[in-house]
Structure formats: C-alpha cells, structure tokens
Amino acid sequence: MGDYVKDAFDVFKRVKDGFTYVSDEENHGTKEDWRFPENVDSFEGDCDDFAIACRMLLKEKGYSCRLVFCKTETGGGHLICTIGKWALDNRMKSPVGLTFLTGIKGYNLISISGLNPGDRWHGIAGFKSVG
C-alpha cells in the first residue's frame with residue numbers, strides 16, 4: 001500500500017475522467033440500479049456507480065474504504081465513497097474532507113457500508129450538517 005491520500009486523488013481522477021453522469025432511469029429504466037462498472041475508464045452512471053468504481057479501485061490497491069449514503073443540501077439521496085476522512089463524490093472536482101461535505105455543503109450522513117460488498121450497513125449517529 002502506498003500513500004492513501006495520493007491514491008485517493010489518483011483514483012478519483014481516473015474515475016472522474018471516464019465518467020459520464022446518466023441517471024439509473026435513463027440508463028437502466030429503474031429508479032435505482034447498483035452495479036460494478038465493466039470499465040472504470042469509460043462508463044455512464046450515477047452517484048452510486050461512481051462511488052462503487054472508486055471503492056473497487058481503492059480496494060484493488062489494498063485499502064479499506066466504505067460507501068456512505070447521505071442526503072445532500074437539497075435533501076436528495078446520494079452515495080459517496082470514503083477512505084479515512086476523505087470523500088470521493090462525483091459532485092466534487094476532487095476528493096474532499098468529510099467535514100467539508102457535512103459543514104460547508106450541508107450533507108447529512110445517514111448510513112455506512114461494511115468494508116466488503118454484501119456486508120451489513122450501519123446508521124451514523126451524530127452526523128448532521130451544521131447549517
């Protein structure tokens with residue numbers, strides 16, 4: 001394993017460069033559809049596809065990372081990938097600190113995945129936005 005912050009930025013850039021936002025309804029005809037992207041260097045999807053692609057690449061590098069379901073500043077549901085105190089969020093231009101999302105952006109973190117696909121999700125107590 002290398003420097004997890006540098007690797008988070010590298011993974012984010014790689015996924016962001018190949019990512020085109022398309023809603024699940026447009027892409028698959030369903031409200032929600034979580035999938036592993038076949039090609040992380042060129043794919044269409046929404047926030048969950050982006051977060052899953054980031055998590056996949058970080059796990060390949062040997063890191064423990066999680067998916068976090070949150071509500072954005074508008075109250076909409078959203079999925080991000082986290083590693084340490086960093087969030088990889090398709091709505092951002094680069095990885096950002098979780099405190100940036102919960103403070104300045106007004107996200108509310110709702111639940112967090114286990115470390116592996118299929119692990120149980122857990123509620124996040126005490127993580128409300130400050131605004």
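Colleague: What makes the contact of Glu-73 with Arg-91 a salt bridge?

Modeller: This is a predicted model, and in it the side chains of Glu-73 and Arg-91 come to 2.7 Å, N to O. The cut-off asks for a side-chain nitrogen of Lys or Arg within 4 Å of a carboxyl oxygen of Asp or Glu, so the pair at 2.7 Å counts as a salt bridge. The two residues belong to distant parts of the chain, 18 residues apart, with Glu-73 in the loop between strand S3 (66-71) and strand S4 (77-83) and Arg-91 in the loop between strand S5 (86-88) and strand S6 (96-97).

Colleague: Why are Glu-73 and Arg-91 called partly exposed?

Modeller: The relative accessible area is 38% for Glu-73 and 37% for Arg-91. Buried requires under 20% and exposed requires over 50%, so values in between are called partly exposed, and that is the class of Glu-73 and of Arg-91.

Colleague: How do you know that Arg-14 and Asp-41 form a salt bridge, and what are their places in the chain?

Modeller: The closest N and O atoms of Arg-14 and Asp-41 are 2.6 Å apart, which is within the 4 Å limit, and therefore the pair qualifies. This pair, too, links distant parts of the chain, 27 residues apart, since Arg-14 lies in helix H1 and Asp-41 in the loop between helix H2 (24-28) and strand S2 (43-45). Arg-14 is partly exposed at 38% relative accessible area, and Asp-41 is partly exposed at 41%.

Colleague: Where do Lys-13 and Asp-17 lie, and what is the distance behind their salt bridge?

Modeller: Lys-13 and Asp-17 both lie in helix H1 (residues 4-18), 4 residues apart, which is about one turn of the helix. Their closest N and O atoms are 2.6 Å apart. Lys-13 and Asp-17 are both exposed, and the structure holds 4 salt bridges.

Colleague: Why are H1 and H3 called oblique to each other?

Modeller: Two packed helices are described by the angle between their axes and the distance between the axes. The axes of H1 and helix H3 (residues 47-60) come within 10 Å and cross at roughly 135°. Roughly antiparallel would need an angle over 145 degrees and roughly perpendicular one from 65 to 115, so H1 and H3 are classed as oblique. The crossing of H1 past H3 is right-handed.

Colleague: Why is Asn-90 called buried, and what does it touch?

Modeller: Asn-90 has a relative accessible area of 11%, and because buried means under 20%, this residue falls in that class. Asn-90 lies in the loop between S5 and S6. Not counting residues up to four places away in sequence, Asn-90 touches Lys-16, Phe-19, Tyr-21, Cys-47, Phe-50 and His-78. With Cys-47, the separation is 43 residues in sequence but 6.1 Å in space, C-alpha to C-alpha.

Colleague: How many helices and strands does the chain have, and what share of its residues counts as buried?

Modeller: The chain has 4 helices and 8 strands, and 42% of its 131 residues count as buried.

Key. Residues are numbered from 1 along each chain as its sequence is written. This is a predicted model: local features need pLDDT of at least 70, side-chain atom pairs count only at pLDDT 80 or more; totals for chains, interfaces and linings use all residues. Side-chain values use heavy atoms; hydrogens and water are left out. Buried means under 20% relative accessible area, exposed over 50%, partly exposed in between (1.4 Å probe, protein chains only). Axes are lines fitted to C-alpha atoms, for helices over the stretch in contact, and angles run from 0 to 180 degrees between N-to-C directions. Angles under 35 degrees count as roughly parallel, over 145 as roughly antiparallel, 65 to 115 as roughly perpendicular and the rest as oblique. A crossing is left-handed if the near helix is turned anticlockwise from the far one by less than a right angle, and right-handed if clockwise. Contact means heavy atoms within 4.5 Å.
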